[in-house]
Amino acid sequence: MKRFLTIATALFCSLSAMAQLQNANDASLNEIAKANEKVTTIQCDFSRTQKMEGMTKASTSDGKFCYTKPKQLSMVYNDGETFVINNDQVAVGKTGKTRNLKATNKHVEDLATTLLACMSGKVNTLEGTLKKTDNSGKQIVYTIAVDYKMGRSKVKELELKYDKSDLTLASLKLTEDDGSFTTYELKTKTINKDIPAETYAIKKNKKNQE
């Protein structure tokens, strides 16, 4: 739980401290944004791959991912680890025992805004500098430079991949100066199929009732 919160907080912070996106004049950005206007839901398997400083090899965790436009997102790992955005609420923890984080927390707001922007295809609303666009393969790959420092940790780059087949998000990668990285990869996506409202329910534990 503590490790999950640390990772989530790092993501909140790294994205909150970036400058406004620059060089966002690539024509494909508008194509992605327009295509995603027709997307109302996405559900799929997903994986999180991490390699932190001192680790000899990367570790991977799998789970289920759900997104409903405009402000609902759920990542539930196979071990029960849970991350949920439900409009202005965000929760992390174990299934049925989540810790609610208030929307007034700037880090939470930044994470929710960034993930939802990626899912909606609004790359040009992200913050940072667009360094490169690679359109040569089956995915459109954007490399965004960032400059953020949290203690000894420094996220220097974001990599976003969108599948050319439907122009929806395929993966998000955060890379640090020391080579550490975290990648979220969406797999076998199902688009525009109804997702039950309870998928995004914030289930409080007894110690966190509001």
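Which elements each supply at least two residues of the lining of the largest cavity?

Guide: The elements are β3 (72–77), α3 (106–120), β10 (169–176) and β11, each of which supplies at least two residues of that lining; helices (H or I, at least four residues) and strands (E, at least two) are DSSP runs, numbered from the N terminus. The model is a predicted one, in which local features need pLDDT of at least 70 and side-chain atom pairs count only at pLDDT 80 or more, while totals for chains, interfaces and linings use all residues. Residues are numbered from 1 along each chain as its sequence is written, and side-chain values use heavy atoms, with hydrogens and water left out.

A search of the whole structure gives two cavities of 30 Å³ or more, a cavity being a set of points on a 1 Å grid over the protein atoms alone where a 1.4 Å probe fits but cannot get out, with lining residues having an atom within 4 Å of a point. The largest cavity has a volume of about 120 Å³, where volume is the space filled by probe spheres set on the points, and grid points are joined across faces, edges and corners. Eleven residues line the largest cavity, and the closest to its centre are Phe 65, Leu 115, Leu 169, Leu 172 and Tyr 184. Strand β11 gives the largest share of the lining, three residues. By class, the lining has ten nonpolar, no polar and one charged residues, with Ala, Val, Leu, Ile, Met, Phe, Trp, Tyr, Cys and Pro counted as nonpolar, Asp, Glu, Lys and Arg as charged, and the others, Gly among them, as polar.

The side chains of Lys 189 and Asp 163 meet in a salt bridge at 2.8 Å, N to O, a salt bridge being a side-chain nitrogen of Lys or Arg within 4 Å of a carboxyl oxygen of Asp or Glu. Asp 163 is buried, at a relative accessible area of 17%, where buried means under 20%, exposed over 50%, and partly exposed in between (1.4 Å probe, protein chains only).

The whole structure has three salt bridges. In another of them, Glu 157 and Lys 131 meet at 3.2 Å, N to O; Glu 157 is in strand β9 (residues 153–163) and Lys 131 in strand β7 (residues 129–134), 26 residues apart. Lys 131 counts as exposed at 52% relative accessibility. Asp 45 and Lys 64 meet in a salt bridge at 2.5 Å, N to O, linking strand β1 (residues 41–51) to strand β2 (residues 59–68) across 19 residues. Asp 45 is partly exposed, with a relative accessible area of 29%, as is Lys 64, with 49%.

On the cysteines, Cys 118 is buried at a relative accessible area of 1%, and Cys 66 is buried at 13%. The sulfur of Cys 66 lies 7.8 Å from the closest cysteine sulfur, in Cys 44, which is too far for a bond. The structure has zero disulfides, a disulfide being a pair of cysteine sulfur atoms within 2.5 Å.

How values were computed
On a 1 Å grid over the protein atoms alone, a cavity is a set of points where a 1.4 Å probe fits but cannot get out, and a pocket is an open set with protein on both sides within 12 Å along at least five of seven lines; lining residues have an atom within 4 Å of a point.
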